[in-house]
Amino acid sequence: MATGPTGNDGMLRIPCPHCGERDYTEFRYGGDASKIRPPHGTADARAWQEYVFLFDNPKGAHLEYWQHVLGCRQWLVLERDTATNAVGKAHLARSQGSP
Amino acid sequence: MFERKPLLGFAGDTLASALLANGLTLAGRSFKYHRPRGFLAAGVEEPNALFTLGEGGRTTPNVAATTTELYEGLVARRQNAWPSVDFDLGAAISLLAPLLPAGFYYKTFMGPRRGSWMWYEPFIRRAAGLGRARHERDPDRYETRHAYTDVLVIGGGPAGLAAARAAAAAGAAVALVEQDSALGGMLLAAPATGALEDWRTELERAVRAMPNVEVLLRTTACGVYDGNTVALLERHDHERPDAGLGKAREVAVTMHARAIIYATGAAERPLVFGDNDRPGIMLASAAQAYLNRYAVDPGRRALVATNNDGAWRSAIDLAVAGIAVPILDQRQHVEPALQDAARRVGIDVRTGALVTRAQGRRAVTGALVAHNGSARVEHLACDLLCMSGGWSPTVHLTSHTGRKPVYRDDIGAFVPGGYAPGQFGAGAVSGEFALSAALRSAAEAGRAAAHYCGHADPIGPTPPPQVADHPFTLEPPRACPRGAGGKAFVDFQNDVTTRDLALAHEEGYAAIEHLKRYTTLGMGTDQGKTSNLNAIHLMAALRGVGIAEAGTTTFRPPYTPVSIGALAGRSIGHHFRPIRRSPLHDCHIANGAAMIDAGPWLRPWYYRWAGGDAAAAYVNEMRLVRSAVGLADISSLGKIDVQWPDAAEFLNRVYVNGFASLPAGKARYGVMLNDDASVLDDGTTARFGEYRYFMTTTTAQAAEVMSWLEFLLQTAWIDLDVQVVSVTDEWAGMSIAGPRARAALALALPEIDAADAALPHMGAREFEVDGVPIRVLRLSFSGELAYELYVPAGYAIALWERLLERAAALGIRPYGLEALASLRIEKGHVAGLELDHRNTLDDLGLGKMAARDKAYVGRELRARAQLQAPGRWSLVGLECLEPSARLRGGAILFARGEALAGHGRGYVTSVTWSTELGKYIALGLYQGGLRHAGEEIVCAYPLKNEQVRARIVSPMFIDPNGERLHV
């Protein structure tokens with residue numbers, strides 16, 4: 001997590017890869033981004049149940065989805081510390097898996 | 001004006017200093033015992049002198065007179081007394097005082113039966129309490145804004161000034177906020193002429209001259225939040241702001257700072273002795289401030305009672321001003337130099353002397369003093385008793401970040417328990433009570449904060465200002481001997497005494513957080529600024545533990561009260577949220593529409609051609625659509641453009657029914673589920689080309705659906721080659737419905753071939769009329785022959801007027817939301833009231849829509865046994881069986897003959913009068929759904945004590961075979 005003069009010390013400002021650092025009120029929260037959605041058509045109800053209903057509640061580092069609804073409309077994956085609200089890096093959700 | 005009498009004061013006066021100067025020492029009556037109270041403090045810590053300011057809608061109750069800057073036209077009055085503060089009938093309560101200990105209300109008024117408290121509470125609240133709020137609209141203007149800075153310095157005393165100067169000298173942008181109307185903090189209470197004042201003036205001048213320092217006076221830092229965000233409250237009362245000129249009375253500022261310096265100083269504590277609340281007893285620092293800053297004699301014969309060095313400065317100033325001052329220090333040993341300084345100005349110095357009880361009722365007249373090593377109790381006369389129990393650093397704001405304060409024995413007080421990253425302490429807040437040490441720490445904090453923001457110090461460290469100094473020592477407050485008599489108040493505002501603390505301890509409420517809630521100590525509008533530490537000291541003594549073990553309470557925002565108006569800012573009335581208007585809005589107004597809020601939208605409710613009120617109009621509008629043709633605005637529907645090669649596959653995944661085979665030129669009704677299988681939304685999607693689709697959603701879920709489609713495409717299905725774009729604002733929509741709809745189209749738009757063969761039911765075609773694209777979808781919400789027309793928003797009014805003019809001979813008229821919603825109930829279409837994110841596809845009778853041969857969002861969890869259970873509440877139609885009664889939305893459904901208790905077997909979601917059936921009909925959810933078709937049930941509406949008989953029927957009340965749609 002970045003801290004110090006050039007980083008973000010709280011969740012109130014989110015670094016959008018397209019639009020730059022913006023107030024969190026421009027975004028909507030989208031849940032835990034470390035969970036992997038079962039591939040479309042997965043017939044195993046248990047896999048869906050785990051994906052939809054079962055969440056960890058970690059204290060500390062967390063990866064989560066945020067959408068820049070009042071900006072570029074892109075869904076981001078953001079690092080946030082749930083204990084301190086310190087915000088780290090963000091990348092576009094659609095670029096996950098690619099370097 | 002003060003209580004209808006004119007009051008004179010000077011610029012720079014507070015309401016408190018002006019009243020004292022006018023000889024008024026009785027500031028109000030206490031909260032519980034109605035005891036006469038005076039001015040205890042000269043600042044934000046004031047617990048007693050709460051006044052009601054302003055009149056009518058401008059009334060603001062519970063404002064501390066000690067922080068209210070005097071301005072011409074100020075209207076103020078005292079509170080919590082009837083008929084007046086000077087003669088208060090409620091004071092009879094103080095004769096009952098032994099019967100009113102802590103917890104009294106809970107113990108006495110809870111029994112003997114349940115509900116007793118509810119019966120007694122209004123009476124108790126009227127007898128106790130503070131000022132009253134008013135119901136009138138506040139005519140003043142309030143605003144909110146965001147602000148940004150490198151270094152925010154909170155507090156404009158010597159430490160704040162020194163810190164701001166150091167940070168600014170290093171190149172940082174600095175915002176310096178001070179709640180007072182002047183810079184200087186405690187220095188403002190120093191003698192108005194002299195070296196200290198000269199030095200203060202010079203420091204202020206130097207700071208104000210720096211171009212990168214912004215000074216915000218009358219601005220309080222109310223709360224500190226994550227990311228070094230600070231809530232500030234700016235007050236402009238002194239400017240008498242004119243709302244008509246757009247001037248705000250208060251502004252709530254969200255300050256985004258890179259670094260924060262706390263220079264919040266310290267507040268003096270009272271001593272706890274018998275009847276220490278009598279008017280004329282005040283904090284030593286307050287007496288000094290009234291004397292030096294406001295040029296008010298707070299008394300002629302003073303006593304100064306203390307346990308520390310600080311109050312000696314106040315005593316010396318009082319003596320220099322010619323006020324007789326014996327000083328009573330509980331300590332046996334006091335620095336000889338300090339004693340000499342006091343004696344030089346004629347002060348009668350007594351060490352080892354403890355005030356045990358004050359005398360006088362409506363004003364202090366004297367004190368009883370005990371002397372160390374002697375049983376003798378001396379009586380000393382006075383009209384002013386100054387007290388000092390030590391100084392408490394103002395640790396409220398640092399506590400907001402979750403850091404508990406820690407106790408320091410050497411100063412007998414709590415200091416911040418550390419600072420969050422980018423936050424620094426300067427001066428007295430960190431326990432540096434000696435001025436030179438405070439200034440050193442402030443200069444260091446200023447440099448460190450600037451460095452944190454990336455500003456190196458180009459000219460080397462700024463030397464701290466040099467100033468004459470006084471050391472500070474204190475002895476922990478000594479408990480009054482038992483039997484001294486009187487009530488010894490710990491919390492003045494909430495009338496909590498040492499006896500209440502002892503009772504709380506006895507009854508097991510010894511933990512500080514329990515003590516606070518049991519006795520209400522610290523829970524007044526002053527948030528215990530003068531009482532918390534004394535309470536902790538006393539409770540620690542009762543428990544026989546150290547202060548650190550006794551603990552402290554948690555300070556929460558706001559530091560001082562914030563008006564609701566400032567929090568709301570301009571988000572009031574119709575500015576509460578943005579309003580969305582259809583491109584046809586002006587047309588509706590011109591056509592006599594009554595408008596209604598529908599979510600953020602302003603939509604036509606009904607049109608005056610059909611009746612004078614909604615109840616009369618909507619049935620006429622329904623009849624028009626069923627018998628001829630009507631025109632409705634549906635522009636608020638969500639519209640989403642879906643394009644590119646995988647669009648068909650994408651739609652096939654998000655809708656429960658098949659979209660892969662939808663041919664160009666056709667539209668299809670579809671339902672989307674959430675992942676948990678509750679219904680998300682319904683709507684239609686039309687295909688206009690190989691890769692071009694046009695989706696509509698409900699008005700309510702438009703934003704939700706858009707975001708959800710983007711989520712799926714950007715996080716989970718990134719391999720799909722699809723683009724989605726919201727075009728809700730780009731396209732206006734209107735529905736032309738009724739048996740003459742086709743004829744109306746032919747008259748208004750002869751360019752369009754709307755014949756059944758060219759545009760069959762569920763057909764979707766694009767046309768161009770006079771160069772303007774029009775999308776026509778033949779689909780129906782009302783159950784009648786109907787077309788939805790979509791046109792670029794800028795042409796909406798032209799098309800609307802053309803339809804009404806050219807088809808006038810057919811009787812076409814506009815119809816509103818009420819009729820639109822009623823027509824769909826007759827047809828049994830579900831809408832927002834049924835699509836509440838709790839119901840499943842099967843609950844809504846739409847289970848058959850789901851494709852069996854493809855995957856769709858929500859399919860697996862839809863199959864859960866509980867969601868398929870036969871007893872689930874599911875969609876039914878209801879017919880009213882009582883001609884003189886009506887059905888109501890929200891009514892609870894019971895089986896016939898069943899006891900009308902509990903949650904029943906379901907509820908009514910949507911109700912209308914049916915023009916086709918001549919009776920009230922409804923949609924609702926009922927346990928077991930249509931398997932109970934034909935049964936008579938009871939619709940209970942307890943709020944009106946109504947029970948109405950109804951029959952369960954198919955929700956499709958009219959034209960179940962859809963013959964009207966296929967003409």
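What percentage of the residues of chain B count as buried? In this predicted model, chain B has 967 residues, and 51% of them count as buried. Its secondary structure comprises 23 helices and 46 strands, and the C-alpha trace of chain B, taken along its principal axes, spans about 115 × 75 × 55 Å. If one considers the contacts in chain B between residues at least 6 apart in sequence, 67% of them join residues at least 24 apart.

Chain B also touches chain A, in a contact that takes 27 residues from chain A and 26 residues from chain B. On the side of chain B that touches chain A, the helices α19 (702-716) and α23 (859-862) each supply at least two residues, and α19(B) gives the most, with six residues.

One residue of chain A that touches chain B is A:Trp75, which is found in strand β5 (residues 75-81) of chain A. Leaving aside residues up to four places away in sequence, A:Trp75 touches A:Gly30, A:Tyr65, A:Gln67 and A:Ala93 in chain A, and B:Glu710, B:Phe711, B:Gln714 and B:Thr715 in chain B. A:Trp75 counts as buried because 23 other C-beta atoms lie within 10 Å, where 20 or more are needed. A:Arg94 stands 19 residues from A:Trp75 in sequence, and the two are 7.6 Å apart in space, from C-alpha to C-alpha.

Technical notes:
Residues are numbered from 1 along each chain as its sequence is written. Chains are lettered from A and ligands numbered from 1 in the order in which they are written. This is a predicted model: local features need pLDDT of at least 70, side-chain atom pairs count only at pLDDT 80 or more; totals for chains, interfaces and linings use all residues. Two residues are in contact if their C-beta atoms, placed from the backbone, lie within 7 Å. Helices (H or I, at least four residues) and strands (E, at least two) are DSSP runs, numbered from the N terminus. A residue is buried if 20 or more other C-beta atoms lie within 10 Å of its own, exposed if 12 or fewer, and partly exposed in between; C-beta atoms are placed from the backbone.
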